[in-house]
Amino acid sequence: LEYRVRDPDGQARWVVTRAMRSTDAGRAIVIGTTQDVTTRRDAEEQLRASEAVLRSVADYAPDYITIIDPELRLQFSNRPL
């Protein structure tokens, strides 16, 4: 479960909580962790913004832009080939 919380300073933080059910001496228990993933979420958002800019440039470029990998497979083209 990934969700946003506010820290004591009022800043929004993203956290992920993982839990699993287990038993201990016949009793049902829950074991879990909560981890701050704000840095990862921020990096993902920056990557999405960067990809949007590059896609816009590629879409409106007057030239053909083609990327081919070392095995000569087409990876990207801004125009149909």
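The model is a predicted one, in which local features need pLDDT of at least 70 and side-chain atom pairs count only at pLDDT 80 or more, while totals for chains, interfaces and linings use all residues. Residues are numbered from 1 along each chain as its sequence is written, and side-chain values use heavy atoms, with hydrogens and water left out.

**Overall form**

- The chain contains one helix and five strands, where helices (H or I, at least four residues) and strands (E, at least two) are DSSP runs numbered from the N terminus.
- Followed along the sequence, these elements come in the pattern β-β-β-α-β-β.
- The radius of gyration of the chain is 22 Å, whereas a compact globule of 81 residues would have a value near 12 Å; the radius is taken over C-alpha atoms, and the globule rule is 2.2 Å times the number of residues to the power 0.38.
- Along its principal axes, the C-alpha trace spans about 65 × 35 × 20 Å.

**Burial and contacts**

- Of the 81 residues of the chain, 10% count as buried, a word that here means under 20% relative accessible area, with exposed meaning over 50% and partly exposed lying in between (1.4 Å probe, protein chains only).
- Among contacts (heavy atoms within 4.5 Å) between residues at least 6 apart in sequence, 8% join residues at least 24 apart.

**Charged side chains**

- The chain carries 12 positive and 13 negative side chains, with Lys and Arg counted as positive, Asp and Glu as negative, and His and the chain ends not counted.
- The structure holds eight salt bridges, each being a side-chain nitrogen of Lys or Arg within 4 Å of a carboxyl oxygen of Asp or Glu.
- One of them joins Glu2 and Arg41, whose closest N and O atoms are 2.5 Å apart; because Glu2 lies in strand S1 (residues 2–6) and Arg41 in helix H1 (residues 38–60), the pair ties together parts that are 39 residues apart in sequence.
- Glu2 is partly exposed, at a relative accessible area of 32%, and Arg41 is also partly exposed, at 22%.
- Glu2 and Arg41 also belong to a network of salt bridges that links them with Arg40 and Glu44.
- Asp24 and Arg27 meet in a salt bridge at 3.7 Å, N to O, in which Asp24 is partly exposed at 39% relative accessibility and Arg27 is exposed at 53%.
- Glu71 and Arg73 form a salt bridge at 3.2 Å, N to O, with Glu71 exposed at 53% and Arg73 partly exposed at 48%.

Methods:
The place of a charge is taken as NZ of Lys, CZ of Arg, CG of Asp or CD of Glu.
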